[in-house]
Amino acid sequence: MTVVRWGRRAVLGVMGAAALALAGTPAAEAQGLEKTSIGVLALASSGPIFIAKSKGYFEKEGLDVDLKMFTSAQQVPVAVASGDVDFGVTGLTAGFYNLASKGAVTMIAAQSRDEPGFQLSAYVATKAAHDAGLTKPADLKGKRIAITTVGSTFHYMVGLLGQKHGFTVKDVTMVAMQDVPKMVAAFKGGQVDAVIAPVTVARQLAAEGSGTILGWVGDETPWQLGALFTSPKTVAQRRPLAEKFVSAYLTGLAEYHAAFNAKDASGAVVKGPGYDELLAIIAEATKQKPEVVAAGLPYVEPKGKLLVDDIVNQVKFWQSEGQVDKALDAKSVMDLTFVK
Amino acid sequence: MPDTPLTGTSLPLQDRSPSQPVRFRGGGFTVKGHRWAALLAFVVLIAVWESTNRFGLVSELFLPPPSAVASALAAMAQDGSLWQHLKASLMRIGVGWVMGTVAGMAVGFAMGIGSVARAVGVPLVSAFFPIPKIALLPLFILWFGIGEPSKFATIGFGVFFPTVIATYSAIDSVPRNLIRMAQSFGLPWASILRKIVLPGALPGILAGFRITASIALILVVAAEMIGAEYGIGAFVLTAGNLMLTDQLLAGVLVLSLLGLTIGTVLSILERRLLKWR
């Protein structure tokens, strides 16, 4: 009995000491660093942030950055607006512009782009629709297309495709399915003619024979997919913090670009310096296998420059769709003073 | 007695004259009609809500003031989209609820009366009731498509199980001695069912309706996740995705007004059908 009790006490003691040690280390390490936080999605498009965090670029700027993971692009700007996080980095949706029109968020640097040669999102036709003659993206006019939600990036991609091929979103029937699994269910059930699907889903549909990939959004209509943003309040009151944050972010961005966005003379994407190391960092942060991450690495502009014309086009598109306040000035949603 | 004020040095009660009449104290928490109280509470709540925005305590984004919600609602009523949304949702709620209720009552009656049906049914209901219908939406899409049938099915399934439970426990609670008496008087089986079991179970079944009507309202939002263009649920989802908080609350307000209307209709129904009590 005494042995048991001694043992239990010893165990408790060790546990207590371990807890103290665990609680103590980061606090000691983070001393003198300014605390800040960013909302991200566990996707390869957040890669530059994961790299900057893992390789200590934020710490070099004197920042202790807490990464808060979110599950949908809609939630991140809301968290920035409510002050739960200082920064956010995700895809741009109509919801983002509505928050921007109320002065809650502003873009300060670019995230990923849809760019020729980079396969992020595909137009996929069902087998039946393909057999009936749906063979290229331009044929999507007049078809039924499943999207996630009204105001999503997929919604804008359909609009962009229309702008290129001379039709409007009124010429297609968009069916809002709320999320990707339901979108896939509608696709497999033959309820729609096509979907715009993320690369992993598109490849899976093609591999199992239920769909045919018609083309890639990056090849068809390059556009500014996402951005790094913060609240105008942070810019006004804590500008030095924002500048340091952007500086570390751009270091990660440049490294990401060098490793994953390099092309050879023929235009094919090749492995750049540090490829394996950076891929391992992103794989760990997104909790996915490296080969899965490698299949969908988006393009980033190495200096973090936004495609200003496309942002203006996005705002105009949502306004013409009646989903964003007509009074919003497109230039007011971005602050171009951080990225030179 | 309560009218005599205690003046000067207050005397202990037992020192007063014993012939005094004793006030009736056993009132309990008697329910009295206070029509104005509920109305006043609403008015005060809305006034406080509006003033938090007017004085800049809360940003309009986080909690749109009632005036913004009202103008969003007015805009919907003006361009006719409100009726389009209401029509679509009411049709889905109506058809889904009736389907779920008819099937649920049939099964509930079978389980309440037949012991074999109950032996089979109780574990099955226990197994299927807790399945979240929203988790099944992708399957419903494959089975029923993305048209109206999958929406009816979502609401119908949600309504079915609570109706089964309400019906068979209502039948269970019909006084046994009444049934035994009717049996010993030699009443035919159908007559017992119609004259004793059905009226006896009706209060319980109607209480079940109250719950299932609310479940149908909750599920219409889930059902309209499935590629719905019109409908109050689809409207609320879109407003949420677009971060248009005033429209979001306007849609929620319509849903809760629908709930209030259905509740009132059920109260009238209860009063009519349960007059015999």
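How much of residues 248-269 of chain B is helix, and how far apart are the end C-alpha atoms? This stretch is 100% helix and 0% strand, with its end C-alpha atoms 32 Å apart. Helices here are DSSP runs of H or I with at least four residues, and strands are runs of E with at least two, numbered from the N terminus. This is a predicted model, in which local features need pLDDT of at least 70 and side-chain atom pairs count only at pLDDT 80 or more, while totals for chains, interfaces and linings use all residues. Residues are numbered from 1 along each chain as its sequence is written, chains are lettered from A in the order in which they are written, and side-chain values use heavy atoms, without hydrogens and water.

**Annotated segments**
- An unreviewed UniProt entry marks "transmembrane region" at several stretches of chain B, including 152-171 and 248-269.
- Such annotations may be inferred rather than shown by experiment.
- Residues 152-171 of chain B are 100% helix and 0% strand, with end C-alpha atoms 27 Å apart.

**Interface size**
- Chain A gives 26 residues to the contact and chain B gives 18 (heavy atoms within 4.5 Å).
- The two chains bury about 1800 Å² between them, 72% of it on carbon and sulfur atoms (accessible area lost on being put together, 1.4 Å probe, summed over both parts).
- I146(B), N241(B) and L242(B) supply 32% of the area that chain B buries against chain A, more than any other three residues.

- The rule finds 0 salt bridges between chain B and chain A (side-chain nitrogen of Lys or Arg within 4 Å of a carboxyl oxygen of Asp or Glu).
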